[in-house]
Structures are given as C-alpha cells and as structure tokens.
Amino acid sequence: MSGGPLRVLLVVTTVGAGIMAGLFFVFSVVVMPALDRVEVASAIAVMQSINRVIVTPLFLLVFLGTAIGVVALAITAVIGDEPASGVVALVAAAAVYVVGV
C-alpha cells in the first residue's frame with residue numbers, strides 16, 4: 001500500500017476508529033456512571049433519548065463507514081501484493097474492529 005486511494009482510505013478508517021473509540025470511552029467513563037446516579041426511570045428515559053438522538057447521518061457515516069472501510073482494506077490487502085505481515089495486521093485489525101464495534 002504505497003500510496004494513493006488506499007493510503008487515504010487507511011488514514012480515514014484510522015481516524016474513524018479513533019472517533020468511535022473516543023465515543024465509547026466517553027460513554028463508559030461519563031454517561032454510564034451518570035446514569036447510575038439517577039433513578040432507574042430517569043436513566044431509562046435518558047438512555048432512550050440518547051438512542052434516538054445519536055442516529056444521525058454523521059454518526060452513521062463514521063460508524064458504518066469505518067466498518068466498511070476496514071473490510072475493504074482487509075480484502076484489498078488479501079488480494080493485493082502486500083507483504084505477509086501487512087496482510088495479517090490489516091485483516092486482524094479489521095476483524096477486531098468489526099467484531100468489537
């Protein structure tokens with residue numbers, strides 16, 4: 001993967017994975033503990049509101065776009081002329097992202 005569109009896709013998916021990691025981190029460290037401190041009925045209402053509000057075109061672009069991007073990179077690495085270590089790393093990273101997210 002010397003350059004060109006695949007390099008751009010690699011950078012974009014790396015940034016997308018970082019954005020998703022940040023979202024999950026903030027949710028785990030801030031939102032869930034805050035919900036734990038309020039009454040159950042309030043926590044349920046807030047969580048339902050979050051679930052409705054988060055589904056936006058921007059969120060879906062980052063969430064699904066990153067998943068599609070890492071799968072495309074893994075496929076390209078497998079069928080391309082990448083060194084074996086690069087192929088293993090890209091396929092492993094794609095699998096971890098898709099399964100983990």
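Modeller: α1 and α2 are roughly antiparallel to each other (an angle over 145 degrees). Keep in mind that this is a predicted model, where local features need pLDDT of at least 70, side-chain atom pairs count only at pLDDT 80 or more, and totals for chains, interfaces and linings use all residues. Residues are numbered from 1 along each chain as its sequence is written, and side-chain values use heavy atoms, with hydrogens and water left out.
Biologist: At what angle do α1 and α2 pack, and how far apart are their axes?
Modeller: About 155 degrees, with the axes 11 Å apart. α1 covers residues 5-36 and α2 residues 40-54.
Biologist: Which residues make the contact?
Modeller: Leu 23, Phe 27, Val 31 and Leu 35 of α1 meet Ala 43, Val 46, Met 47, Ile 50 and Ile 54 of α2 (contact is heavy atoms within 4.5 Å).
Biologist: OK, and how do α1 and α3 cross?
Modeller: At roughly 135 degrees, their axes coming within 9 Å. That makes α1 oblique to α3. On the α1 side, the contact residues include Leu 6, Met 20 and Leu 23, and on the α3 side Phe 59 and Val 62 are among them.
Biologist: Switching topic, what's in the largest nonpolar core?
Modeller: Seven residues: Met 20, Phe 59, Val 62, Val 70, Ala 74, Ala 94 and Tyr 97. α3 gives the most, with four residues.
Biologist: And what does Phe 59 touch, leaving aside neighbours within four places in sequence?
Modeller: Phe 59 is in contact with Met 20, Leu 23 and Ile 54.

How values were computed:
A nonpolar core is a set of buried Ala, Val, Leu, Ile, Met, Phe, Trp, Tyr and Cys residues joined through side-chain atoms within 4.5 Å. Buried means under 20% relative accessible area, exposed over 50%, partly exposed in between (1.4 Å probe, protein chains only). Helices (H or I, at least four residues) and strands (E, at least two) are DSSP runs, numbered from the N terminus. Axes are lines fitted to C-alpha atoms, for helices over the stretch in contact, and angles run from 0 to 180 degrees between N-to-C directions. Angles under 35 degrees count as roughly parallel, over 145 as roughly antiparallel, 65 to 115 as roughly perpendicular and the rest as oblique.
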